[in-house]
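This report covers one protein model, beginning with a single helix and then turning to the fold as a whole.

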Amino acid sequence: MAKKKNTEAIVQRARPLGRQSAHEFQAFTETITMPIALSQKVARQSIENLNQVLADTFTLRDLYKKHHWQVGGPTFYQLHLLFDKHYEEQNDLVDAIAERIQSLGGVGLAMAPDIAETTIIPRAPRGREEVPVQISRLLHAHEIVLEEARTMARLAAKSGDDGTNDLLVSDIIRGNEKQVWFLSQHLVNVPLLKAD
Ligand SMILES: [Fe+2]
């Protein structure tokens, strides 16, 4: 009999312990001091700035997916593919920024309602827009990210946070500048069939 009870207890361990809850072990506003030879003041400044550029990068990423689905017209196929390529690249940036925030001892924004509350990129309508409007909207979003990223990069360099400066310059600034080049060339008014 005792042996049977023991078997039941062991089998119980296989039961998934779902629907558990507890308080957060790190609130969003709390910063953990990490052993990376940076003061908490410097880390906090970088975390705050990175969460802003994270929210804007999330938004820009999602703007690309919206346009990937909703694009129409003679350039549909090339833009459908280009928008998705840029979406994937922005998605990699989202991951790199969020992981940098965690490395600094902070908490990265993650969920859509929090991103919507934080981003400074203007909200796009739900419906479909013409290609020149889609591209203009994307270029404006890129410029917002580039402007803030340059300011944040200078601040990070000044305060000695070289890792954050490198992420902002090498990945965010250079990546966004390249995407702007690819996008902006679609708004250059050169003849399609007959030279002027
Ligand atoms: Fe797709």
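Helix α5 covers residues 131–158, 28 residues in total, and reaches 41 Å from its first C-alpha to its last. That is close to the 40 Å expected at 1.5 Å a residue, where the expected span is 1.5 Å times one less than the number of residues. Helices here are DSSP runs of H or I with at least four residues, strands are runs of E with at least two, and both are numbered from the N terminus.

The model is predicted: local features need pLDDT of at least 70, side-chain atom pairs count only at pLDDT 80 or more, and totals for chains, interfaces and linings use all residues. Residues are numbered from 1 along each chain as its sequence is written.

The buried residues of α5 are Gln-134, Ile-135, Leu-138, Ala-141, His-142, Val-145, Ala-149, Met-152, Ala-153 and Ala-156. Buried means that 20 or more other C-beta atoms lie within 10 Å of the residue's own; exposed means 12 or fewer, partly exposed covers the range in between, and C-beta atoms are placed from the backbone. An α-helix has 3.6 residues a turn, so residues three or four places apart point the same way. The buried residues of α5 pack against α2 and α6 (162–184). Contact is counted when the C-beta atoms of two residues, placed from the backbone, lie within 7 Å.

Just after α5, Gly-160 has a positive phi of about 90 degrees. Most residues other than glycine have a negative phi. Arg-19 is in the loop between α1 (2–12) and α2 (40–70), and Ala-37 is placed in the loop between α1 and α2.

Along the principal axes, the C-alpha atoms fill a box of roughly 95 × 45 × 25 Å. Of the 196 residues, 30% count as buried. Among contacts with a separation of 6 or more, 76% come from residues 24 or more positions apart.
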